[in-house]
Amino acid sequence: MKLLALDTSSEGCSAALLVDNSLVERFELAPRGHTRLLMPMIRELLAEKELVPADLDAIAFACGPGSFTGLRIATGVVQGLAYGLGIPVIPVSSLAAVAEDAIQHWQMLDGDAVAVAFDARMGEAYWACYMCRDGQPELMGHEQVCAPASVTLADGASRWFGAGQGWSLKEHFPADVAATMGRIDETLVPRASRVAEIAARAFHAGAGVPAEQAQPVYIRDEVAWKKLPGR
């Protein structure tokens with residue numbers, strides 16, 4: 001299997017190439033450098049594995065939620081490549097990619113759960129809870145955008161971890177939510193390597209959409225800016 005994965009949904013810009021069980025990645029924190037960096041990353045990865053685009057079996061991307069501009073960049077690149085090559089696209093939740101990273105980072109056990117938070121701006125947070133099942137993130141409930149004071153934890157977890165840059169808003173979360181976390185890492189952002197891992201499992205399960213159906217997931221459509229009080 002040869003799968004290319006991309007992520008530009010946050011401050012990070014990354015591309016990863018999964019060839020059978022070998023995974024290589026390029027990653028850089030560059031809030032305004034996605035357009036400049038993404039295509040050179042793709043070319044470097046293909047050259048490293050001595051491949052050409054026509055060798056790819058599928059393309060995956062972090063489809064959101066996240067940066068509106070970043071999501072459009074990745075979507076455009078993915079659609080263009082997949083359409084020209086005639087291969088399927090596997091959209092992967094940006095929140096799930098961070099959950100995957102947290103599970104690996106902390107070597108979480110079955111029954112543990114991670115609450116992933118992104119700063120959605122406009123006084124809101126993107127929020128989702130994932131249970132660790134066989135070392136993989138399983139969505140509990142649904143992804144949402146809401147006021148930080150409205151986030152809640154799903155039932156049934158043995159231990160809780162917090163991940164994602166949205167945890168910088170924890171002072172605005174309900175006190176019991178933050179207090180339940182065994183550990184919190186505000187530095188984790190989506191990475192193409194985690195997108196590739198999730199996408200590979202989905203591909204083997206038969207997932208994938210045509211290029212024209214590969215669309216970003218915004219969760220909400222507002223683009224006005226509104227800061228939290230005191231920020």
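Trainee: Which residue stands opposite L6 in β4?

Mentor: F61 does. Keep in mind that this is a predicted model, where local features need pLDDT of at least 70, side-chain atom pairs count only at pLDDT 80 or more, and totals for chains, interfaces and linings use all residues. Residues are numbered from 1 along each chain as its sequence is written, and side-chain values use heavy atoms, leaving out hydrogens and water.

Trainee: How do you know that β1 and β4 pair?

Mentor: Pairing takes at least two bridges found by DSSP between two strands. β1 (residues 2-7) and β4 (residues 58-64) are joined by 4 bridges, so they count as paired, and they run parallel. A strand here is a DSSP run of E, at least two residues; a helix is a run of H or I, at least four, and both are numbered from the N terminus.

Trainee: What makes β3 and β5 edge strands?

Mentor: Their sheet is open, with 5 strands in the order β3-β2-β1-β4-β5 and mixed pairing. β3 (22-29) and β5 (89-93) each have a single partner strand, so one side of each has no neighbour in the sheet.

Trainee: What makes a group of residues a nonpolar core?

Mentor: Its members are buried Ala, Val, Leu, Ile, Met, Phe, Trp, Tyr and Cys residues, joined through side-chain atoms within 4.5 Å. The largest here has 37 residues, and those with the most contacts inside it are L3, V114, V116 and Y130. Helix α3 (residues 94-105) gives the most to this core, 7 residues. Apart from it lies another core of 28 residues, including L37, L56, A82 and A211.

Trainee: Which residues does V114 touch?

Mentor: Contact means heavy atoms within 4.5 Å. Not counting residues up to four places away in sequence, V114 touches several, among them A99, A102, Y130 and W160.

Trainee: Why is Y83 called exposed?

Mentor: Exposed means over 50% relative accessible area, buried under 20%, and partly exposed in between (1.4 Å probe, protein chains only). Y83 has 67%, so it is exposed. Y83 sits in helix α2 (residues 68-85). Between Y83 and D119 there are 32 Å, C-alpha to C-alpha, and they are 36 residues apart in sequence.
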